[in-house]
Structure formats: C-alpha cells, structure tokens
Amino acid sequence: MAAAGEASKPFAGLSDVSISEDIPVEGDISVPVGSSRKDDEFSTLDEPVKETILRDLRAVGYKFVHVLYPKRSSALLRDWDLWGPLLLCVTLALLLQGGAADSDDQGGPQFAEVFVIVWFGSIIITLNSKLLGGTISFFQSLCVLGYCIMPLTVAMAVCRIVLMGGSGTVSFAVRLAVVTASFGWSTFASTAFLADSQPPNRKALVVYPVFLFYFVIGWMILTFSPSQ
Amino acid sequence: MSAGSGSRNTNTEPWGSFDDNLIQGGGSAVIDMENMDDTSGSSFEDMGEMHQRMKEEEEVAAEAAATEEDNADDGEFLGMKGIKGQLGRQVADEVWQAGKRQASRAFNLYANIDILRPYFDVEPVQVRSRLIESMIPVRMINFPQKIAGELYGPLMLVFTLVAILLHGMKTSGTVIREGTLMGTAIGTCFGYWLGVSSFIYFLAYLVNAQITMLQMLSLLGYGLFGHCAVLLISYNIHFHFLFYVLWLLVGGLSTLRMVAALLSRTVGQTPRLLLCGTLSLLHMLFLLYLHFAYHKIVEGLLDTLEGPNMAPMQRVARDVPELMLNATVRNLGASLRAH
C-alpha cells in the first residue's frame with residue numbers, strides 16, 4: 001500500500017535530493033514583534049463596563065442622528081447594529097399599550113402584534129429587495145428599516161401627549177398631521193439609504209413595500225385611542 | 001495519475017475540473033425532469049443540482065468504502081448470524097443515507113432564495129401595464145393568451161389587500177384583539193390567493209388545460225387589483241348601491257379577464273364551463289365576502305372570545321342603508337355643526 005502510494009507521488013524519484021550546506025540561504029524571516037501589543041489594544045476585556053456600554057450607546061445615538069437628517073451616507077450601512085431597532089420596537093409597543101380595547105387581560109396581543117408586524121414586515125421587505133437585485137445585505141437592510149421607525153415612535157409619543165388633552169376633532173387633526181409628516185419622513189429616510197443599493201430603474205418597486213409597511217404602522221398609531 | 005478507486009477525484013476547481021468520475025462515467029448525466037417544470041430558463045439550478053449530486057456521490061462512495069471494510073471484518077468474525085445482522089444493518093444504513101441525501105438535496109434546492117429570483121425580475125413599467133391589463137378582458141380565446149409569470153405584482157397586491165382590510169377593520173370601530181384580527185386579515189388574503197390558485201390549478205390539471213401553477217398564481221394575484229380598488233372605495237363610502245355597482249363592474253371586468261385567459265387555454269365545452277364557472281364564482285363571492293362578512297366575522301370572534309364580560313363599547317351597525325361616511329369625517333361634521 002505504501003509502495004503503491006509512493007509510486008503514485010509525482011516527485012517520487014527526487015526524494016534523495018538534498019540541498020548542500022555551502023549554498024547560502026538568504027531572506028528575511030522577521031516576525032513582527034508588536035503583534036501581541038496590537039492585540040491588547042483591540043481587546044476590550046479590560047476596559048470598564050461603562051465604557052463598553054457608552055461606546056454602543058454612542059453608536060446607536062450616532063445612527064439616530066443620521067435618521068433625523070437623512071443624507072446619502074453609508075454610516076447606517078457600514079456598521080449596522082440591531083440595538084436601535086429593538087429599542088424603538090419596544091418603545092413603540094409599550095406606547096401602543098393601554099388602548100381603548102385594553103382591559104386587564106388584553107395587553108398581550110397588542111405588544112406581540114407590534115413586534116410581529118415590525119420584524120416580519122422588515123424581513124419581507126428585505127427579501128423583496130434582495131430578490132429585485134439589491135446589493136445590500138440582510139442585516140443591513142433590517143438595521144435601516146428598524147432605525148427609520150424612529151420618526152413614527154416620536155409621533156406616537158406626541159399623539160399620546162395630545163390625547164391627554166382630549167380626543168376631539170382638533171386633536172385628531174393634529175394627530176393626523178403629525179403622523180402623516182412622520183410617515184413621510186420615515187419613508188424618505190429609508191429610501192435615502194436603501195435606494196442606493198438597487199439598480200436605478202427599480203427603485204419604485206423597492207419603495208412601495210416600504211411605503212406600505214410604514215403606512216400600516218402609521219395607521220396603528222393614528223387609530224390608537226386611550227382607555228377611559 | 002490516480003490509479004486508485006474511481007471515486008477519488010482531484011476536485012481543485014469550483015466547476016469540478018476534469019474529473020476521472022465523469023470521464024469514467026461514474027457521475028450521473030441524467031437531468032431530473034420533474035424539477036424542470038417552471039424553471040426551464042434557470043440553468044444555475046441544474047448546475048447546483050449536478051454539483052450537489054457529484055459531491056454527495058463522492059461522500060456516499062467514501063462512506064460505503066469505509067463501512068464495507070468494517071462490515072467485512074464483522075461478518076467474518078460472527079459467522080452466519082453475523083452476516084444476516086450485518087445485512088440488515090447495511091440495508092437500514094443505506095435507506096437512512098438515501099433519505100438523508102434526498103432531504104439535504106431538497107433543502108438545498110428549496111431553501112435557496114435564488115429560486116425565486118427569476119420571478120421578481122420586473123420593471124415598474126411592466127407592473128403598471130399589467131395592473132391596467134388585469135381589468136381589460138381580451139377577446140381572443142382561440143389561441144392561448146400570454147400570461148406573465150411573475151410574483152412581485154401579485155405579492156404586493158395581496159399585501160395591499162391586507163392593509164386595506166386592516167383599514168376597514170379600524171373604520172368599523174372594532175379594535176379589540178388586534179392580534180387575532182391581524183392574523184385573520186393576513187390568513188384570509190393569503191389563504192385565498194394560495195388556496196384558490198391551487199384549487200383552480202388542480203382542476204386545470206384534471207381537464208388538461210395549458211396553464212402552470214406560476215401562471216395561475218400570477219393571474220389570480222393580478223385579479224385582486226380589482227378587489228383592492230373596490231374595497232378601498234367601499235370601506236370609505238359605505239353606500240350599498242355603490243358597492244353593488246362596483247362589484248358588478250370592476251369585479252366583473254377582472255373576472256372576465258381571468259376567465260378569457262383560462263378559456264383560451266382549455267379545450268372542450270364542459271372543461272371550459274367547469275373551470276371558468278368555478279373561478280368566476282369564487283372570485284366574485286370573495287369580494288362579496290370581504291365587504292359584508294368580514295365585519296360580521298370580526299364581531300362574531302369578539303362575541304365568542306369575550307363571553308359574558310362584554311366591554312361597554314359601541315358596535316357600529318354596518319347595514320345602514322344611507323350614505324354614511326367614515327367615523328372621522330362624521331366627527332368633523334358633527335363638531336362643525338355644533339359650532
């Protein structure tokens with residue numbers, strides 16, 4: 001078996017060749033000495049917890065600012081994270097609690113419903129944009145869609161404050177204006193980030209589901225009425 | 001040159017290089033026709049399948065070689081009883097291997113999102129023109145009409161219908177248990193689209209009509225455009241007469257379009273009657289159902305869920321035979337009148 005193996009090796013006949021000692025072998029085999037020190041710089045195990053948390057919070061805050069003033073930048077895409085969307089989703093779901101339909105035992109479905117709509121809606125939009133030939137990755141798209149819910153969450157907070165003052169026609173008109181403005185802002189912000197990753201003639205095909213998604217969320221916010 | 005068993009291949013390139021396998025005929029060159037149905041244009045699937053098959057066959061051969069050696073030893077050791085037990089074990093092993101291969105092949109084929117990519121290959125202009133065409137019946141029924149095989153338009157229309165149903169649910173004032181109602185909306189729309197398409201495709205298969213599942217899904221999906229338009233109007237202007245007119249006109253047009261497309265692809269009077277009658281019945285009844293029964297179903301759900309503890313909430317009666325705009329505009333009117 002070994003002999004057969006040997007015979008099948010391509011350079012079998014050269015196994016007795018050796019390099020003579022008097023031919024000098026030259027080269028530079030220097031091992032970079034600073035590598036262990038570089039590792040220490042990137043190791044975040046030793047830093048205080050406050051610094052770790054603050055770094056993540058700063059990244060999330062930076063992205064919020066980018067949503068507030070949407071320009072064509074790749075900051076949201078380059079280092080995506082899902083903390084912001086989770087925060088926004090939880091805040092929105094909590095704010096949508098305590099609706100008119102809410103008796104003691106009905107808090108559950110509304111909270112879960114918001115989660116399901118937001119996350120499954122985002123997943124479907126992402127799949128759609130990938131199928132249409134988008135160059136953006138799955139999680140980058142989820143990140144963008146989640147962060148762009150921020151205007152709608154702000155609108156929800158404003159609506160709740162307005163509703164505390166009463167639920168007449170004026171309050172409805174104000175709420176309608178606020179929700180419409182924030183819905184437009186969300187759609188515009190997300191298309192500013194997503195549209196760049198699409199072939200130019202298919203932008204409308206990607207924008208429509210985003211529009212529908214934020215429309216459903218906006219509708220949930222607008223028709224929210226507090227319990228007595 | 002490897003003179004060993006033919007299953008050992010020097011697979012250095014991703015495209016499989018010049019394997020001894022293929023040259024010696026160890027690989028399979030048979031294309032599985034049952035997978036060729038709607039995907040005859042996509043060759044990347046065939047390549048993927050062939051590649052997978054080659055990889056698996058190499059794996060299987062390697063495993064078989066390994067187990068053969070073990071089993072040979074066992075059989076010799078235990079005599080006759082050993083051979084029988086070993087045979088059973090080998091058969092079970094091979095059945096399991098075959099099953100595993102089948103399952104992993106199916107998973108790799110169907111969990112791959114790229115399968116759906118060709119069906120989303122549309123331009124906005126095409127979608128717009130198809131939406132408009134879905135309301136215009138074509139009279140040519142002696143020659144098979146062209147049906148576009150795409151899924152983007154139908155999928156978006158189903159989601160739009162879900163959104164419109166939610167809107168209708170909200171304006172009817174029934175906001176309790178939104179979780180269940182949301183599920184009902186999504187279930188109704190997707191259930192109709194997928195279920196009726198499958199049913200009509202099954203009937204078409206029985207009567208030997210020339211239509212594929214993809215085309216049926218696409219046809220019915222675009223037929224929902226009429227439904228979306230009618231419901232959008234009738235959920236905001238609740239006027240029964242208007243709804244009936246729209247139901248006949250718009251619903252009728254989109255049904256005629258689908259029926260004409262199906263007629264052009266079916267031969268024989270009875271099959272045509274069966275297929276087109278079923279489709280028109282289901283399509284028209286669905287619109288009726290969405291308009292009337294949806295609110296009642298919602299209220300029925302609430303009744304069963306709440307039982308004796310009914311919340312003191314106003315249920316707005318929907319069958320009012322007057323012009324009634326939706327609640328928000330009514331409030332506006334009321335407050336204006338109060339001032």
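Visitor: Which residues in α3(A) are buried?

Guide: This is a predicted model, in which local features need pLDDT of at least 70, side-chain atom pairs count only at pLDDT 80 or more, and totals for chains, interfaces and linings use all residues. Residues are numbered from 1 along each chain as its sequence is written, chains are lettered from A and ligands numbered from 1 in the order in which they are written, and side-chain values use heavy atoms, with hydrogens and water left out. Buried means under 20% relative accessible area, exposed over 50%, and partly exposed in between (1.4 Å probe, protein chains only). By that criterion, the buried residues in α3(A) are V60(A), K63(A), F64(A), H66(A) and V67(A).

Visitor: Why do they lie on the same side of α3(A)?

Guide: The arc is taken from the directions from the helix axis to the C-beta atoms. They share one side of α3(A) because they cover an arc of only 165 degrees around the axis.

Visitor: Which residues are exposed on the other side of α3(A)?

Guide: The helix in question spans residues 49-68 of chain A. Exposed on its other side are K50(A) and R58(A).

Visitor: Which residues does Y214(A) touch, not counting residues up to four places away in sequence?

Guide: Y214(A) and I217(A) have the most contacts inside the largest nonpolar core, a core being a set of buried Ala, Val, Leu, Ile, Met, Phe, Trp, Tyr and Cys residues joined through side-chain atoms within 4.5 Å. With contact meaning heavy atoms within 4.5 Å, Y214(A) touches L145(A), C148(A), I149(A), L152(A), F183(A), S186(A), T187(A) and S190(A).

Conventions. Helices (H or I, at least four residues) and strands (E, at least two) are DSSP runs, numbered from the N terminus. The expected span of a helix is 1.5 Å times one less than its number of residues.
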